[in-house]
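Subject: Structure for you to look at

Hello,

Here is the structure I promised. Please open it first, then read my notes below.

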Amino acid sequence: MNALDLGAEFLAATPTHENRSTEQLRTWARIALEFGDELAAAHPELPQLDIREKTGGKRPGEVLLAEYHHRDHRVTLYRDSLDFAREVSAKRGSPIALEKLRRAAIAHEVGHHLLHGPRTRELNRRLGHRVLRLRAHVAGADELVVHRYAQHLSGIDPLQLDNFLIDALTGA
Ligand SMILES: [Zn+2]
């Protein structure tokens, strides 16, 4: 599967998109991936951040890799979740080094931060989705942008990792 296939599949699995056409989902996925490419071109380096590590990211049915604290620009990395992600990726035959996972998790949080405000409005404008003549948000598109951004900055494929984690959590 290429990035566009994975991206369209990711959107298809996002609630509210159950009845959308494949064509529509692929169009939105392409726009979101391109937006992520642009974001990475504009911000190719991670900013200086206060990064702390702790455990407690892994809960039943959920794996939280990192959190961004907007107030003081601090990122919390969850060591137990990163270890779990490393084990799962190794089991699936695509081992990811802890350092890359850490970088991808940080980049993901930074990506969300960068996407705040005007960039989200620009993304919604490009997606062009309207409900009753009002511009509407496309569920999952922001997440896809951020995954793409993190992919550029870390060299790993977050969508593939996401699929591995979902499979591991659901016992597939
Ligand atoms: Zn996210």
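**The zinc site**

The zinc ion has these protein donors: His108 (NE2), His112 (NE2), Glu143 (OE) and Glu143 (OE), at 2.0 to 2.7 Å from it. Donors are N, O and S atoms within 2.8 Å of the metal (3.2 Å for Na, K and Ca); water is not among the atoms, so sites may look incomplete. The spacing of the donor residues in sequence is H-x3-H-x30-E. His108 sits in helix α4 and Glu143 in helix α6 (residues 141-154), 35 residues apart, so this pair links distant parts of the chain. Helices (H or I, at least four residues) and strands (E, at least two) are DSSP runs, numbered from the N terminus.

What is the site of the zinc ion like in its angles? It is irregular, with 52 to 128° among the four donor atoms.

His108 counts as buried because its relative accessibility is 13%. Glu143 is partly exposed, at 23% relative accessible area. Buried means under 20%, exposed over 50%, partly exposed in between (1.4 Å probe, protein chains only).

A word on the model. It is predicted: local features need pLDDT of at least 70, side-chain atom pairs count only at pLDDT 80 or more, and totals for chains, interfaces and linings use all residues. Residues are numbered from 1 along each chain as its sequence is written, and side-chain values use heavy atoms, with hydrogens and water left out.

**The sheet**

Three strands make an open, mixed sheet in the order β1-β5-β4. β1 (50-54) and β4 (66-69) are at the edges with a single partner strand each, so one side of each has no neighbour in the sheet. Strands pair if DSSP finds at least two bridges between them. β1 and β5 (residues 74-78) run parallel, joined by five bridges. Asp50 stands opposite Arg74 in β5.

**His17**

Where is His17 placed? It lies in the loop between α1 (3-12) and α2 (22-42). His17 is buried, because its relative accessibility is 1%. Beyond its neighbours within four places in sequence, His17 is in contact (heavy atoms within 4.5 Å) with Leu11, Ala12, Leu25, Trp28, Val138 and Ala139.

Best wishes

Conventions:
Four donors count as tetrahedral if all angles lie between 85 and 135 degrees; four count as square planar and six as octahedral if opposite donors are over 155 degrees apart and all others between 65 and 115; anything else is irregular.
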